[in-house]
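Please keep the structure open beside the text.

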Amino acid sequence: MLSFPSSSPPGFSSYNGGGMNGTSTMMDFLEEPLPGVGTYEDFNTIDWVREKSRDRDRHREITSRSKESTWALIHSVSDAFSGWLLMLLIGLLAGSLAGLIDISAHWMTDLKEGVCLAGFWFNHEHCCWKSNTTFTDRDKCPEWKSWSQLILGHGEGAFAYILNYFMYVVWALLFSLLAVLLVKGFAPYACGSGIPEIKTILSGFIIRGYLGKWTLIIKTITLVLAVSSGLSLGKEGPLVHVACCCGNILCHLFTKYRKNEAKRREVLSAAAAAGVSVAFGAPIGGVLFSLEEVSYYFPLKTLWRSFFAALVAAFTLRSINPFGNSRLVLFYVEFHMPWHLLELVPFILLGIFGGLWGAFFIRSNIAWCRRRKTTKLGKYPVLEVFVVTAITALLAFPNEYTRMSTSELISELFNDCGILDSSKLCEYVNDFNSTKGDDLPDRAAGPGVYTAMWQLALALIMKVFITIFTFGMKVPSGLFIPSMLAYYHHDWAIFSGWCSQGADCITPGLYAMVGAAACLGGVTRMTVSLVVIMFELTGGLEYIVPLMAAAMTSKWVADAIGREGIYDAHIRLNGYPFLEAKEEFSHKTLAMDVMRPRRNDPPLTVITQDSMTVEDVESIINETTYSGYPVVVSRESQRLVGFVLRRDLIISIENARKKQDGIVSTSVIYFTDHSPPLPPSSPSMLKLRSILDLSPFTVTDQTPMEIVVDIFRKLGLRQCLVTHNGKLLGIITKKDVLKHIAQLANQDPDSILFN
């Protein structure tokens, strides 16, 4: 049987109502378009060509009317300004929610270890602001009490440690269970990262409710809970999802975005940039991330509007939480020491490690997710979250680098050590008696540095493996970004070329940042946007080369093992109809090899332009599940006239039965401008030419599939019809193209699940 997913006419312009037939003429039975005609059902693909054509018609109409009156001119100006106003609102809302998430997550993360007596709503840092303790003991203020101090009256001893351990695990389980229960009960779409689905939606696919108000509310709440639970996850993906929800909801305030799916996706591309901006504190990188990683259609005006929305979101976040990160996931740092040419070797080695880890993570995570979907484990998401959280909390508490939040860990690794730093990583022995003239003394590593080294090594191993099982659970989860730390021996021969006495010749925080870029690049295959994001974090142009070396090396190494990034892998895992624009199609197949119907299949289901009754068309609709039908002159000639959507047919026929007199099952449906005179006793005719796409995209049966695939990618088609000498032979849909590509890649073509 012919099977093609949601398809709509490419070239469709605007709807002008239907028509009715008296005895010899057909007249419009509606003066305005029918509600629902031209819209799409859930899990359908939009038609970019039609949507852009409709927007051009709307814009031309507004422009022509602007010369008629002052009010029409004001309407034209407001229509042009509405896009910028919408970007402002998206930036304000996304930045506000990001600030709320940051503040709440920081407080609830600290709540696992203790409470502030001056006000339970203060986190550890805020609680100690007014304390009179010394700078080195600033985290040990009397206003902050651990749970053992609060319950037992003291914080020392084995029993106090066990009690703090127990409370940490209990709070972690409470937060994660509340998160998974809220997701399961109120908004199933609020789980996971969100970026694979957003990429699919931006390519034209429709998933009703994925960017709705309930998803936004539950995602915001459960993201705080998931991060606070201590699970090995990040916020960047979920924050992009949150920002896109804001964009989708705010689109309903403006008619041109509410009624046009292609225009709405321009807004969602800008919203994704705003989401990355508040996640990383990098507006330019956010725009490039949207362009490189998630967007399908990105015109020049969307570029500038995306940058505006990203700037507004970043400034809003900074205004709400000036003492937090502008930065939510990463930390703004500024290094002062230059890097040396020989350091490119360890930077490239970090890139190799990042690429290997990325490929390992993707394969392991996808294998685990497949197991989750195909075994009983997938039926018990609450139990899975409980078990993973319990294991994570039990392993995390003994190690201070796994106990602290992701933001705190990365900020500590990224920071360059100063004299007043109390971190173990900055515990060097200061021997000021050895100072000669203006030279600074060499500082030997103290015991804290060595302790931090093995703790960080254990933290890395734990995070690497536990993230595999965490990413993809039924809670909001982005990617945790592993970071590296460097320790150097200034007396080694390799450093003699650039290390002068008393000078810091290596910046350990730079290695942490390059390691983070390498690991994230290996997992996501980001390149330019990743380098720019890291550049915005450091504020220095001199570190672009190390970042580029690590990012490109990690991508090359990971691509050598597997071509897909984590988001593309999850798109394929979930069977979303996403046609990757970056992949080359090099196979020598023709359109006739892919079109439906195939040889020995039933003939193509078609509708004739002037010989079928309402009953005939309704029978075709009831007996098939296709989302559209070719219209031909007659069954004998099979000469193509146009293409009509199933949804438009159903709505138009139902409306005609209710509002047009004389429409019965035996009424003839016409897709032509004129009809022959009918006897007085004949039932009224139903004219449906207005819902017919008269310019469906067609190819011949000998067209190479390489060209067909390019046409689908660049025009955003849902389907194209296949002809031979003007005669209709079959149809190729986006789903058929995806199945064909999967089959040629020795993959299961039935993995394309959604219609």
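C127 is buried, at a relative accessible area of 6%; buried stands for under 20% relative accessible area and exposed for over 50%, with partly exposed in between (1.4 Å probe, protein chains only). The model is predicted, so local features need pLDDT of at least 70 and side-chain atom pairs count only at pLDDT 80 or more, while totals for chains, interfaces and linings use all residues. Residues are numbered from 1 along each chain as its sequence is written, and side-chain values use heavy atoms, with hydrogens and water left out.

**Cysteines**

The structure holds two disulfides, a disulfide being a pair of cysteine sulfur atoms within 2.5 Å. One of them joins C116 to C127. C116 belongs to strand β3 (residues 114-116) and C127 to helix α3 (residues 124-127), so this bond ties together parts 11 residues apart in sequence. Helices (H or I, at least four residues) and strands (E, at least two) are DSSP runs, numbered from the N terminus. C116 is buried as well, with a relative accessible area of 3%.

The other bond joins C128 to C141. Both C128 and C141 sit in the loop between α3 and β4 (144-146), 13 residues apart, and the pair links distant parts of the chain. C128 is buried at a relative accessible area of 8%, and C141 is buried at 3%.

| Disulfide | S-S distance | Angle about the S-S bond | Hand |
|---|---|---|---|
| C116 and C127 | 2.1 Å | 80 degrees | right-handed |
| C128 and C141 | 1.9 Å | -60 degrees | left-handed |

C244 is buried, at 0% relative accessibility. The closest cysteine sulfur to that of C244 is in C245, 7.4 Å away, which is too far for a bond. C369 is also buried, with a relative accessible area of 4%.

**Helices α10 and α11**

Helix α10 (residues 261-280) packs against helix α11 (residues 283-294) at an angle of about 130 degrees, and the axes are 7 Å apart. Axes are lines fitted to C-alpha atoms, for helices over the stretch in contact, and angles run from 0 to 180 degrees between N-to-C directions. This makes α10 oblique to α11: angles under 35 degrees count as roughly parallel, over 145 as roughly antiparallel, 65 to 115 as roughly perpendicular, and the rest as oblique.

Which residues of α10 meet α11? S269, A272, A273, V276 and S277 do, and their partners in α11 are P283, G285, G286, V287, F289, S290 and V294. Contact means heavy atoms within 4.5 Å.

**Helix α16**

Seven of the nine residues of helix α16 (residues 406-414) are buried, so the helix is largely enclosed by the rest of the structure. The buried residues are T406, S407, L409, I410, S411, L413 and F414. They pack against α15 (400-403), α17 (447-470) and α18 (508-524).

**Helix α23**

V614, V617, I620 and I621 are buried in helix α23 (residues 614-623). Their arc around the axis is only 130 degrees, which puts them on the same side of α23; the arc is that of the directions from the helix axis to the C-beta atoms. On the face turned away from this buried side, α23 carries the exposed residues N622 and E623. The partners of the buried residues of α23 are β7 (607-608), β8 (612-613), β9 (628-632), α24 (646-659), β11 (668-670) and β12 (686-687).
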